[in-house]
Structure formats: C-alpha cells, structure tokens
Amino acid sequence: MNKIMVGDRVRWECHAGTIRGEVVNIHLDLNAKNELCPWLTIEYIHNNKTQTCVLNGTDSYLKMMKFRVNFRDAG
C-alpha cells in the first residue's frame, strides 16, 4: 500500500457498500494478536451525520477492503 497520510480522502469496500471519507488520525497500537500495527481513524458522512471508524492499517487488511487514496491535498 502506498503511504497514507492524515488528510487523505479515501474509499473502501465493506458490508455497507463503498464508503468514502477522510483520514483524521493515524496511530500505532496492538491488535488482537498482540502485534503492533497502524490504525486509521476515518471520518465520513452517513445518513447526513458525521461518523468515524477505525480501520487496521496493515497492507493485507487494506488490500482486502479494496482501500484506495482518492485525493491528497498537495499543501
């Protein structure tokens, strides 16, 4: 997976369909296997309400979710 940065506009596939949002935070924490991995906090709009979700940021998980960076502000 290419480098992901705070502020990136992204999309991914899940049970709810294609979701589009913005990465608002990235942090390292342990997963269920007690391994250190990146976690992406993403803010998106659903039913006219702002929602947030946290996704595991490992390459294999993001590939499975068909995660893509749609837009990155050059500034």
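Colleague: Hi! Is Arg 11 buried or partly exposed?
Modeller: At a relative accessibility of 23%, Arg 11 counts as partly exposed (buried is under 20%, exposed over 50%, partly exposed in between, with a 1.4 Å probe and protein chains only). This is a predicted model, where local features need pLDDT of at least 70, side-chain atom pairs need 80 or more, and totals for chains, interfaces and linings use all residues. Residues are numbered from 1 along each chain as its sequence is written, and side-chain values use heavy atoms, without hydrogens or water.

Colleague: Thanks! Which residue does Arg 11 form a salt bridge with?
Modeller: Arg 11 forms a salt bridge with Glu 13 (a side-chain nitrogen of Lys or Arg within 4 Å of a carboxyl oxygen of Asp or Glu). The closest N and O atoms of this pair are 3.6 Å apart. Glu 13 is partly exposed as well, with a relative accessible area of 28%.

Colleague: How many salt bridges does the structure hold?
Modeller: There are three salt bridges in the structure. One of them joins Arg 72 to Asp 8, with 2.7 Å between the closest N and O atoms. Arg 72 lies in the segment after strand 5 (68-71) and Asp 8 in the segment before strand 1 (9-14), so this pair ties together parts that are 64 residues apart in sequence.

Colleague: And Asp 8, buried or exposed?
Modeller: Asp 8 counts as buried, at 1% relative accessibility.

Colleague: Changing topic: what pattern does the chain follow along the sequence?
Modeller: Reading along the sequence gives β-β-β-β-α-β. That comes to one helix and five strands (DSSP runs numbered from the N terminus: helices are H or I, at least four residues, and strands are E, at least two).

Colleague: What size of box do the C-alpha atoms fill?
Modeller: Along the principal axes, the C-alpha atoms fill a box of roughly 35 × 30 × 20 Å.

Colleague: Last one: what share of the residues counts as buried?
Modeller: Of the chain's 75 residues, 28% count as buried.
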